[in-house]
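Me: I'd like to learn how to read a few features off a model like this one. Can you take me through them, general idea first and then the case at hand?

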Amino acid sequence: MKILVPVKRVIDYNVKPRVKADGTGVDLANVKMSMNPFDEIAVEEAIRLKEKGVATEVVAVSIGVAKAQETLRTALAMGADRAILIQTDDEVEPLGVAKLLAKVQEEEQAGLIVLGKQAIDDDSNQTGQMLAALLNLPQGTFASKVEVEGDKVSVTREVDGGLETVKLSTPAIVTTDLRLNEPRYASLPNIMKAKSKPLATKTPADFGVDIAPRLETVSVAEPAKRSAGVKVADVDELVAKLKSMGVAA
Amino acid sequence: MKTLVWVEHEGGAVKDATLSAVTAAAKLGEVHLLVAGESVGGVAEAAANIAGVGKVHVADDAALGHALAENVAPLVVQLMADHDAFVAPATSNGKNIAPRVAALLDVMQISDILSVESEDTFTRPIYAGNAIATVKSKDAKKVITVRGTAFEKAAAEGGSGTVEAVASTGDAGLSSFVGAEIAKLERPELTSAKVIVSGGRALKDGETFEQLIFPLADKLGAAVGASRAAVDAGYVPNDYQVGQTGKIVAPEVYIAVGISGAIQHLAGMKDSKTIVAINKDEDAPIFQVADIGLVGDLFKVVPELTEKL
């Protein structure tokens with residue numbers, strides 16, 4: 001079984017984003033960029049399935065600027081076999097990404113497509129579900145456990161009240177939640193080896209997909225700031241405060 | 001504008017998140033509801049009582065029983081021929097279903113809205129709530145998920161909607177429900193609680209978490225939450241997690257115990273009315289957003305607080 005893993009290049013998890021002064025977006029100049037953490041979990045899951053002998057090939061794909069190659073090289077260093085970059089300087093929305101990925105899947109015919117449940121930049125949480133819809137495939141979103149059983153895949157999902165398990169026919173789409181696994185660090189020899197793994201570059205036009213945005217960002221603003229309040233000296237003072245707020249009798 | 005709100009329900013009752021979605025939908029126009037599930041006659045009647053709703057479409061079918069997106073989305077798409085906007089609460093079920101609907105309608109979804117500015121313009125959080133984007137949709141139909149804490153709940157009573165049965169689109173044959181491990185709630189639900197006591201990694205282990213946080217929460221009639229670090233460390237199950245990728249909460253009072261205040265955690269609770277932080281590190285970022293801070297050893301402070309309340 002082949003596994004397709006879409007990955008996105010985003011602002012690093014540890015960087016605090018700053019809104020641009022002109023309100024047009026978030027300042028990404030000279031900011032550390034990394035693979036979306038949920039996508040890292042997706043890459044790890046795919047590689048583990050390969051190590052278990054379930055998957056035969058892991059193909060990473062990214063849609064974005066030329067530098068997204070670095071993100072793909074990270075996936076290759078972790079253990080993916082080859083990579084595809086659909087290069088564009090335009091911002092592509094989840095719907096456009098899903099349409100491009102659907103075309104990639106038509107060519108690749110993967111048995112499983114594993115991707116992050118959301119990207120930590122736009123926090124949309126849409127791409128996997130949209131891809132499943134476009135391909136008329138089942139979706140196992142917010143996965144904390146994935147088990148391939150013959151031509152079915154069993155996915156345990158993190159839902160509001162706890163956990164839920166669904167059984168999907170394959171091919172299927174799985175979106176990863178935080179506790180699916182802990183991604184490995186790529187070792188230096190593997191980083192070196194990744195440099196010679198195949199990476200194909202394409203453009204959205206190659207797939208004949210219209211990626212024109214449907215949403216216009218009118219403005220981006222800082223959220224209302226909270227200011228630090230008072231510090232109380234001891235528990236008695238805290239109790240008094242809580243009581244005055246009517247929280248405690 | 002005619003909107004269709006997907007009704008989230010459990011155990012025969014309409015869930016609160018639906019009521020917030022109804023409020024958001026009402027800002028767009030007429031509110032119609034979809035109740036999909038198995039044996040949901042009672043839910044449909046309850047839904048028709050929600051203030052301000054018009055038609056309540058009810059699809060009763062075993063294939064709709066566990067809100068599987070593969071089976072619900074085609075039904076929604078069919079109903080959308082006669083509606084201009086699909087609105088769902090941004091709960092795990094809503095987030096699972098809505099994008100599938102959006103793609104089938106060739107619409108770019110607007111996720112997790114905080115406000116309705118006009119028929120086509122909305123605000124939504126990006127970058128874990130570190131920025132708020134105002135976005136305008138060019139799509140003819142809208143697909144929207146609603147952040148529950150950003151909208152008042154519509155009144156559950158006082159409406160006079162009319163219930164109308166619609167045929168299910170059946171089982172897509174792609175997926176099946178196997179089972180669920182849903183935690184029994186002995187305390188209020190996180191997303192609707194007035195007071196929340198949350199614990200972080202500093203609690204050391206699951207047993208300590210239980211011994212310190214639970215009694216304090218019970219004294220206050222509060223729900224219990226946790227930081228990602230506490231959940232990852234296995235102190236409490238995943239459904240306790242508050243944050244960017246966990247639950248988004250905005251209670252009257254949020255008491256953060258031993259939580260340093262990573263931006264991903266703050267994203268989930270910084271709209272709380274009053275934030276109380278207890279932490280031994282006086283430089284912890286949580287104190288920058290806390291209204292009331294107490295610097296101290298939680299192992300001493302928390303039992304004392306529970307005792308004195």
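**Reading a helix, a strand and an interface**

Reply: Let's start with a helix: on one side of α6(A), Asp236(A) and Ser244(A) are exposed. Helices (H or I, at least four residues) and strands (E, at least two) are DSSP runs, numbered from the N terminus. This is a predicted model, where local features need pLDDT of at least 70 and side-chain atom pairs count only at pLDDT 80 or more, while totals for chains, interfaces and linings use all residues. Residues are numbered from 1 along each chain as its sequence is written, with chains lettered from A and ligands numbered from 1 in the order in which they are written.

Me: Which residues of α6(A) are buried?

Reply: An α-helix has 3.6 residues a turn, so residues three or four places apart point the same way. Here the buried ones are Val235(A), Leu238(A) and Leu242(A). Down the axis of α6(A), the buried residues fall within an arc of 60° (taken from the directions from the helix axis to the C-beta atoms), so they line one face of the helix.

Me: And what covers the buried residues of α6(A)?

Reply: The cover includes β13 (230-232) of chain A, plus β18 (292-295) and α8 (298-308) of chain B. Just past the helix, Gly246(A) has a positive phi of about 80°.

Me: How many residues are in contact between the two chains?

Reply: The size of an interface is often given as the accessible area lost when the parts come together. Here we have residue counts instead: 69 residues of chain B are in contact with 65 residues of chain A. On the chain B side, that gives 36 nonpolar, 18 polar and 15 charged. In that scheme Ala, Val, Leu, Ile, Met, Phe, Trp, Tyr, Cys and Pro count as nonpolar, Asp, Glu, Lys and Arg as charged, and the others, Gly among them, as polar.

Me: Which strands of chain A and chain B pair?

Reply: Two strands pair if DSSP finds at least two bridges between them. Strand β12 (residues 215-221) of chain A pairs with strand β10 (residues 131-137) of chain B, antiparallel, over six bridges. In that pairing, Ala221(A) stands opposite Ile132(B).

Me: What about a strand inside chain B, such as β6(B): where are its buried residues?

Reply: Look at both faces. Ala85(B), Val87(B) and Pro89(B) are buried on one side, and Phe86(B) and Ala88(B) on the other. Five of the five residues of strand β6 (residues 85-89) of chain B are buried, so the strand is largely enclosed by the rest of the structure.

Me: Which strands pair with β6(B)?

Reply: Strand β1 (residues 2-6) of chain B runs parallel to β6(B), joined by three bridges, and Leu4(B) stands opposite Phe86(B). Strand β11 (residues 142-146) of chain B also pairs with β6(B) in the parallel sense, over five bridges; there, Val87(B) stands opposite Ile144(B).

How values were computed:
Contact = placed C-beta atoms within 7 Å. Buried ≥ 20, exposed ≤ 12 C-beta atoms within 10 Å, placed from the backbone.
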